Amino acid sequence: MALRYLQVFIPEDERADVDAILEDKELIGTWRDDADDNRIVLHLVLPAEETEVIMDRFGEEYAGSQGFRMVLLPVEAVMPRPAEQDAEESSNGSSEEEEAKKAGRVSREELYGDVSDSVVLNRAFFAMSVLSAIVAAVGLIRDDVPVIIGAMVIAPLLGPNVGMSLAATLGDLELLRRALTANLVGLSGVIAISILAGFVLTIDPSVHAIISRTNLDFGDLVLGLAAGSAGTFAYTRGLSGAVIGVMVAVALVPPLVVCGMLLGAGYFSLAFGAASLVLANVVCINLAGVATFLAQGVRPRSWYEGERAKKATWIAVALWSIMLVILFVVAYLTNAVDPSTL
């Protein structure tokens, strides 16, 4: 059972409302302390899937109160060990609360914090993108699968793509701007290094690792959808994205490096096929990400934010779907796709 430690700072004269907020919740532990500024500190140890509901309740009750604050931290272990709660006994809340609990996901705030931290654009992010391109280029030229896998391990592209999906799901334009910027910078770094490698090095387009990434087919769509769903699911479960991020990198880094190297070497027709594959994978990853967030019950807290998010989600899904159809039509007309695979 994944546990979280929640600190809630509330005005001392409003402590009576706390019992009503927590009356139907099974907590692992709870205690109170007095702060030094006319506030009390409520300490809660609770299952991870309960955090969103409880934080929403406190937010609705005390959002306008001066000094109100919540701090959420992961819990490594608790002694004595908490007993596993029966699912049927605990399903006594609203349908929205039950949906979040059955999904077994972390809270909206924790999810947002994890995703937001992964779209920070800094030197380390750019450096890892460039290094992954260098390693991938060497692996592709040598047709060396372990080296190609190594490049995908270090590629930091999971966060920005999940960030774009979460931004579309919540209607958060600021998160979308940051995630889109990080994605563009990371992908631009990869393509720039790849073009340079293609211009300097001798590229043999008949190498299997290269030629296999110049065509767009149905299997690539399945890979992109699976990668986007797996990466998004890892975030909603509070799991480490280090291994899951390889799935996203599989769909993006090798074909993007192939595209750049072929451009640098002058194989423009083959480079166009690789570019179509990259774009299709970006579309599939984000479509699957939005769908997974919705299936996991990720929604804004307030109804007016929900209306805005609903519009943003439909717009994003429509745009990604239209782009995917256009890519397949263009790829088909230019013989980048074998008709028998459609």
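The protein chain folds into 14 helices and four strands, where helices (H or I, at least four residues) and strands (E, at least two) are DSSP runs numbered from the N terminus. What you are looking at is a predicted model, in which local features need pLDDT of at least 70 and side-chain atom pairs count only at pLDDT 80 or more, while totals for chains, interfaces and linings use all residues. Residues are numbered from 1 along each chain as its sequence is written, and side-chain values use heavy atoms, with hydrogens and water left out.

Let us begin with two overall values. Of the 342 residues in the protein chain, 46% are buried; buried means under 20% relative accessible area, exposed over 50%, and partly exposed in between, with a 1.4 Å probe and protein chains only. Among contacts in the protein chain with a separation of 6 or more, 79% come from residues 24 or more positions apart, a contact being heavy atoms within 4.5 Å.

Now to the sheet. Strands of a sheet pair through backbone hydrogen bonds, either parallel or antiparallel. Here four strands form an open sheet with the order β2-β3-β1-β4 and antiparallel pairing; two strands pair if DSSP finds at least two bridges between them. Because β2 and β4 (69–75) stand at the edges with a single partner strand each, one side of each has no neighbour in the sheet. From one strand to the next, the twist averages 15°. The antiparallel strands β1 and β4 are joined by seven bridges, and F9 has R69 in β4 as its bridge partner. Helix α2 (residues 51–62) lies across β1, β3 (39–47) and β4, and runs at about 160° to β3. For such angles, axes are lines fitted to C-alpha atoms, for helices over the stretch in contact, and the angles run from 0 to 180 degrees between N-to-C directions.

Rings of Phe, Tyr and Trp (its six-membered ring) pair if their centres lie within 6.5 Å, and planes under 30 degrees apart count as stacked, over 60 as edge-to-face and the rest as tilted. Y5 and W31 are stacked, because their ring centres are 6.3 Å apart and their planes are at 20°. Y5 lies in strand β1 (residues 3–11) and W31 in strand β2 (residues 29–34), so this pair ties together parts 26 residues apart in sequence. Y5 is buried at 18% relative accessible area, whereas W31 is partly exposed at 41%. Ring pairs also link F58, Y62 and F68 into a cluster.

Beyond the sheet, follow the chain to A83, in the loop between β4 and α3 (87–90). A83 is exposed, with a relative accessible area of 64%.

Next come two helices, α6 (residues 123–142) and α9 (residues 173–200), which pack at an angle of about 35° with axes 9 Å apart. Residues making this contact include F125, F126 and V130 of α6, and V185, V190 and I193 of α9.

Most residues other than glycine have a negative phi. Phi of D143, however, is near 55°, a positive value in a residue other than glycine. With 35% relative accessibility, D143 counts as partly exposed.
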